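Here is a short tour of one protein model.

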Amino acid sequence: MINDLKESLLYGDKMFRTLRGVEPLLNEHKQPLFVAGRNSVVFRISLNQRLYALKCYTSKAEHTEEICAYLGALSSPLIVQPQFFPEELWTGSYYSDVVLYSWQEGHTFEWMIRKALYDKDVALLRSLEERLIGLIQSIYRQEWRHGDLKAENIVVRPDGSLILVDCDSLYALSLPPRANLGTPRHIHPLRGDAYDSHIDDYAAALMVLSLEALQRNLSLYHEETMVALPEEGNTEHIAELFEDNKVLLSLLEALLSDNHKITNLNHLLECIMHT
């Protein structure tokens, strides 16, 4: 499917229903630059002399049109503003739904963490944590939640500010409930199909605690969760790292509880910012 999408992009306008002038950015092998996800492929393109991300779905994009319309009306600076084009790109065997949004210059939050670890830059890790907490607090003042909060879905722009990308799992009361939202390792193991305003609690706590742990021990980095926590069985070691900080211990306890809701998350984050 990915190859079909790549070839369609290279054929140009005749493969699109409505978009015109789409030019994929190419690598040294003259192939489109892309990142593949679970059910989509994101290409970096040029359109009307501006850079965009073109997200092409390999299966039907469920509820994406409603999500894009919701975010378009919202016009929030915290998250990209997507445009939805149903059955837009012909691949030779099916029409792919696509989403278009402005390309966000900068690096992913994940890349920045890797850089900090490579440079052994604890100050950068602390700065990233502070900006992350600021982003989480801003999200929790809204009526929506991201639904797939993780380092790969946050871009650190050249001015240091953060913006969320990938809106497929967005939660809002006015949007239809959906199951299986988010990325498994960033979801509370007992959350099930719960669809509520606490959908980001576990991921937010996991990221903040991971950054706190990394500042204390750079060797704890884990590819998928940043820190081997909590599934790798080293929670006692993590707790030892936080033994001098009651706020972090409280957040760790909440993260490891049987409830996906962390009702005092905002309060705990505020305390972390002032310690």
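## Strand β3 and its partners

In strand β3, V41 is the bridge partner of A36. A36 belongs to a pairing in which strand β2 (residues 34–36) and β3 run antiparallel over three bridges. Strands count as paired if DSSP finds at least two bridges between them. Helices (H or I, at least four residues) and strands (E, at least two) are DSSP runs, numbered from the N terminus. Three residues separate β2 from β3, and the two strands form a hairpin.

Strand β1 (residues 23–24) also pairs with β3. That pairing is antiparallel and has two bridges. Here E23 has S46 as its bridge partner. On to β4: eight antiparallel bridges link β3 with strand β4 (residues 50–57). F43 stands opposite L54 of β4. β3 and β4 form a hairpin with two residues between them. N48 in that turn has a positive phi of about 55°.

Is β3 mostly covered or uncovered? Strand β3 (residues 40–47) is mostly covered, with seven of its eight residues buried. Buried means under 20% relative accessible area, exposed over 50%, partly exposed in between (1.4 Å probe, protein chains only).

## How the model is read

This is a predicted model: local features need pLDDT of at least 70, side-chain atom pairs count only at pLDDT 80 or more, and totals for chains, interfaces and linings use all residues. Residues are numbered from 1 along each chain as its sequence is written, and side-chain values use heavy atoms, with hydrogens and water left out.

## The β5–β6 hairpin

Strand β5 (residues 83–90) and strand β6 (residues 95–102) run antiparallel, joined by five bridges. Q83 has L100 in β6 as its bridge partner. Four residues lie between the strands of this hairpin. In the turn, G92 has a positive phi of about 105°.

## Helices α3 and α4

Helix α3 (residues 109–119) and helix α4 (residues 122–139) cross at roughly 155°, and their axes come within 9 Å. Axes are lines fitted to C-alpha atoms, for helices over the stretch in contact, and angles run from 0 to 180 degrees between N-to-C directions. The angle makes α3 roughly antiparallel to α4. Angles under 35 degrees count as roughly parallel, over 145 as roughly antiparallel, 65 to 115 as roughly perpendicular and the rest as oblique.

Which residues of α3 and α4 make the contact? From α3 come F109, M112, I113, A116 and L117; from α4 come L124, L125, L128 and L132. Contact means heavy atoms within 4.5 Å.
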